[in-house]
Amino acid sequence: VPVERIPSQAFINCTELTSLTIPETVTYIGDSAFEGCKKLTTVTLPDNLSQLGRRAFSGTGCIRRGENAYYVDHWLVQVLEPKAWTAPICIEEGTVGVADHALHFPDLRELHQDIRFPSTLRYLSIDAGDPSRCRKNFFAENGKLRLDGSFLLTADGKTLVRYYSLLNVDKEGKPLPVCIIPDGVEHIGAGAFRGAEGVKYI
């Protein structure tokens with residue numbers, strides 16, 4: 001039977017694991033799946049992977065530091081703290097996915113720069129980050145995804161990837177109970193309304 005999911009903590013603290021090639025059938029890797037595998041220095045993630053959990057490879061040797069972020073293979077796993085940044089934050093060309101929690105900062109309200117993703121980006125995990133807490137364009141247009149009001153859509157506008165209730169608020173800053181899906185949307189992605197606080201009608 002083809003393996004499609006690697007559950008959370010599936011291989012946590014497997015200290016003798018040194019290299020890893022994950023089958024192309026795998027689309028999901030859970031939180032802390034390989035956390036603490038200290039000798040793991042080489043990993044090849046499948047092209048079909050669409051969600052990478054939080055801290056999936058934390059404490060391993062396969063995390064690479066780029067200019068503004070940490071990566072595992074072609075996935076962004078954590079953007080560095082933005083305190084000293086004065087220019088737009090450019091994610092590396094060739095990055096295909098953003099892991100859960102990769103874009104969370106304790107002081108995200110102080111981020112004044114755009115985060116610009118490359119044209120190669122295909123997957124944005126459900127809990128990658130919350131643009132409603134950011135003062136600038138959190139999901140800058142990259143040819144694949146675009147932020148349209150309170151909706152994260154694919155570039156063609158046909159798939160609703162995520163709804164951010166905190167970008168659709170009244171004068172007091174409270175999320176509105178009504179959410180009007182943009183014209184042209186044909187598909188709603190899994191988890192698109194996860195955590196949509198205050199929404200009663202769609």
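Reply: A residue is buried under 20% relative accessible area, exposed over 50% and partly exposed in between (1.4 Å probe, protein chains only). By that scale Arg64 is partly exposed, at 37%. The model is predicted, so local features need pLDDT of at least 70 and side-chain atom pairs pLDDT 80 or more, while totals for chains, interfaces and linings use all residues. Numbering starts from 1 along each chain, and side-chain values use heavy atoms, without hydrogens or water.

A search of the whole structure gives three salt bridges (a Lys or Arg side-chain nitrogen within 4 Å of an Asp or Glu carboxyl oxygen). Arg64 takes part in one of them, with Glu92 as its partner and 3.1 Å from N to O. Arg64 belongs to strand 6, whereas Glu92 sits in the loop between strand 9 (89-90) and strand 10 (97-98), so this bridge ties together parts 28 residues apart in sequence. Strands (E, at least two residues) are DSSP runs numbered from the N terminus.

Glu35 is buried, with a relative accessible area of 16%, whereas Arg55 is partly exposed at 45%.

The remaining bridge joins the side chains of Lys39 and Glu16, at 3.3 Å from N to O. Lys39 is placed in the loop between strand 3 (28-29) and strand 4 (42-44), and Glu16 in the loop between strand 1 (5-6) and strand 2 (19-21), so parts 23 residues apart in sequence are tied together. Glu16 is exposed, with a relative accessible area of 57%; Lys39 is partly exposed, at 42%.

The nonpolar residues complete this account. The largest nonpolar core has 21 residues, and those touching the most other members include Phe34, Val43, Leu52 and Phe57. Such a core consists of buried Ala, Val, Leu, Ile, Met, Phe, Trp, Tyr and Cys joined through side-chain atoms within 4.5 Å. A second, separate core has 14 residues, among them Val98, Phe117, Leu152 and Tyr164.

Definitions and conventions:
Helix = DSSP H or I, 4+ residues; strand = E, 2+ residues; numbered from the N terminus.
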